[in-house]
Amino acid sequence: MNQALSKLPLTADLLAPAPHTAAAADGYGLPPLALQQIVDAPRAPSMSLSPQRDLLAVVQTPALPGIAEVAQPELKLAGLRINPRIYAQSRFSFGTDLSLLEVATQKPRRVRGLPRKLRLADMSWSPDQRYLAFSHVAFKGDKGAVELWLLDIAAGKAARLSAQPLSAVLTRGFSWLPDSSGLLVHWRPAGSGKAPVSDGIPRGPVMQDSEAAAGVRQLRTYQDLLKNEHDARLFEHYITVQLVRLDLYGKAQPIGAPAAYARTAIAPDGQHILSQCVTRPYSYLVPASNFGERIDVLDLAGRVLHTVADLPLEEGLPPGNDAVSAGVRNVGWRADAEATLVWVEAQDGGDPARAVADGVRDVVYCHAAPFAAPAQVLARLQMRYAGVAWGRGDVALINERWHKTRDFRQWRIQPDHADVAAQQVYAGSYEDRYNSPGSPVLRADARGFARLLIGENNSILLDGAGATPEGDRPFLDRLYLDTLHKQRLFQSAAPYFENVAAVLNQDGTLILTSRETPTERPNYYLRDLRKPEGQQLLALTHYPHPTPQLRDVQKEQIRYQRADGVELTATLMLPPYYDVQRDGPLPLLMWAYPQEFKSTGAASQTTGSPYRFNAVSYWGPAAFLAMGYAVLDNPSFPIVGSGDAEPNDSYLPQLVADAEAAVEEVVRRGVAERHRIAIGGHSYGAFMTANLLAHTRLFRAGIARSGAYNRTLTPFGFQSEERPYWKAPEVYQAMSPFNYADRIKDALLLIHGAEDANSGTFPVQSERMFQAIKGLGGTARLVMLPNEAHAYRARESILHMLYETHLWLEKYVKHAQP
């Protein structure tokens, strides 16, 4: 009897189908069938837990959109990408079905009345759980609208709530009132007319000024900025909305006149609205997020009750990653009070280099309605404010951090008792994953506001990744704030990776978890910690393996050392049924992304888990397991700058040492040989790839996607580099692989989205890098994907990306000679 194909010794010819047909010169290419199947593998639905934690809204995740969807008309204004057909930010993936799932019984419930071709964009439960609001993007010919729909949970029926379309350019367009009686909605203003049309005749030159009094500012590079007054008027047209109070029957009460609302948020009392409106003057240098804002508190008729701040246009911050705006920032409502504003103000003008006499960098203020009395100081922080978790009048957690040192501190404060000193709950480095305490568990209260889940004896719950030298082991802890004593309630145990998705009851003994193994994709389970260990679990979902043909992929979390002793981690993945003794070394694809650290200890910590699902995605390198390659995924590439040293001062020698250690390890294990290894990465990983090809001969080929290669084009910093070019020109020059294009002797494939708007990775980066290599006689290929941004979205683009990568690896790596 013939031996089963799946048990034959592994060879590349057995794993990979016949070569694919080459693409037309001006068309999209198709990779081999094995790669196409990975792109088209079924995707798990997304889920949203109800406020009472007994229902899940299940949204079907569709296949990748086609290029016709991605190529819809798009306006690029003030750093935004706007679909003019629907008055919303461009997006290309929508839910295609909506259903409900009962948590206790695992019984599904169908929903009636959905749009015939559902394109669900956003959704939100009412605080009382009687309704689920969602937006549906409807198209009719060349027209379109974002419609607001309402699902009646008891009836299981959905219906459109209003015929007037939403405006969702700066927000999602709707939010619930705290009493669940209706929604606060951003409508397209009725009678606003058509968008302004330019006659193409300039009214004069575009002029900008700079004054010495402004001082040194970080001016990051941005795409899609306003270019002239016509752009400014077009921008105003699309961001102007009518604020409306809409009841559950579709009856509307307009709130004031149309305005350019960037954000609106109703207070817990349901009577006060915090509004933030974009104001002129605009800028040709920065996106809308840096434009001026007027921040007011309105009543339900739209009258201004209180002006919080009138913030100016901000064209850049002071130098440094700890720089912030000089004035009022992070304005919001206190979740556990009726109508109390909270905001932060820097005491150093937002400049981390400026000394402060009392050591206080940030002050957190609160101000209760009717805002007649002076604002009160809630906290004085020696570092930058990093968020707050509200509980009740005597319990809130406030965080502060400082990037320069990676320090992090958490304090318990008593908002209703300003005279009580803050209690330190945690202090450490946010790089130190092994000692991370986790994050406080929050739950929406009866009015829909997220608050700490506080148990007996002033205890809270902490949910964390549980990093250990053996890998991540997620946990759930109970922390007693009065004593800082901890009690472990749950921790993931081998051979599973189990993560806490939600806490379902008050004391944390009933939890919803996501559980997986290397061969079982993540599924949801109910875990009842009150029961004996073997009886705690109840399966809630049963998603099958998305790529069963690769179920037996082999994965190992490996550790090895850099030459200077820094411990490194990587995930080694091998094709199904591969045996190193029998099959020998394979061509190998290494895929990485450098990270910066301030301590060797943090850089040496293990990342990931050996028990995670062996997901084979089209986006990362694992897809090429199907083509007979070994894969080294996410090897540690730490760049360490201890003490006063900056990581990038020694970027190149550390980068090379990281790569050398990874190559040595896979060769030592016998799974790869030196002359058949490729290196690749996306964004900063692409930058890494070009640098390694310019400064080493460790790799036969490189795959660089959507990267930056000339750091003088990002002169005010990049990644965590906070020094401008003029303060560290030698660092910028040394780190730019463009400057060493003449040294690139191995084959480099450059892929880039032609409409990349990510700061610093403009398409010109790849275009100029390719021109340099080509002009110098090197081996390179440039692929520009039409209509694609920093991450690629269309099915045709993804398939072509794999097509190009496959051909490149086949040509320059798989069949390479020593």
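Good morning. I shall begin with F291, which is buried in this predicted model, with a relative accessible area of 4%. The partner of F291 is Y282, and the two rings form a stacked aromatic pair, 5.1 Å centre to centre with 20° between the planes. Is Y282 buried or exposed? At a relative accessibility of 14%, Y282 counts as buried, because the cut-off for that term is under 20%.

Let me now widen the view. How many aromatic pairs does a search of the whole structure find? The search returns 19 aromatic pairs. One of them joins Y131 and W176, whose rings are stacked at 6.5 Å centre to centre, with 25° between the planes. Y131 belongs to strand β9, residues 131–140, while W176 belongs to strand β12, residues 174–176; the pair therefore ties together parts that are 45 residues apart in sequence. Y131 and W176 are both buried.

I turn next to a group of rings. Which residues make up the aromatic cluster? Tyrosine contributes Y593, Y651, Y684, Y725 and Y732 to this one cluster, phenylalanine contributes F687, F716 and F718, and tryptophan contributes W726.

F687 has a further contact to report. R711 lies over the face of the F687 ring, at 4.4 Å from the ring centre.

Thank you for your attention.

Definitions and conventions
Residues numbered from 1 in each chain as written. Predicted model: local features only at pLDDT ≥ 70, side-chain atom pairs only at ≥ 80, totals over all residues. Heavy atoms only, no water. Phe/Tyr/Trp six-rings, centres within 6.5 Å; stacked < 30°, edge-to-face > 60°. Helix = DSSP H or I, 4+ residues; strand = E, 2+ residues; numbered from the N terminus. Buried < 20%, exposed > 50% of the residue type's maximum accessible area, 1.4 Å probe, protein only. Lys NZ or Arg CZ within 6 Å of the ring centre and 35° of its normal.
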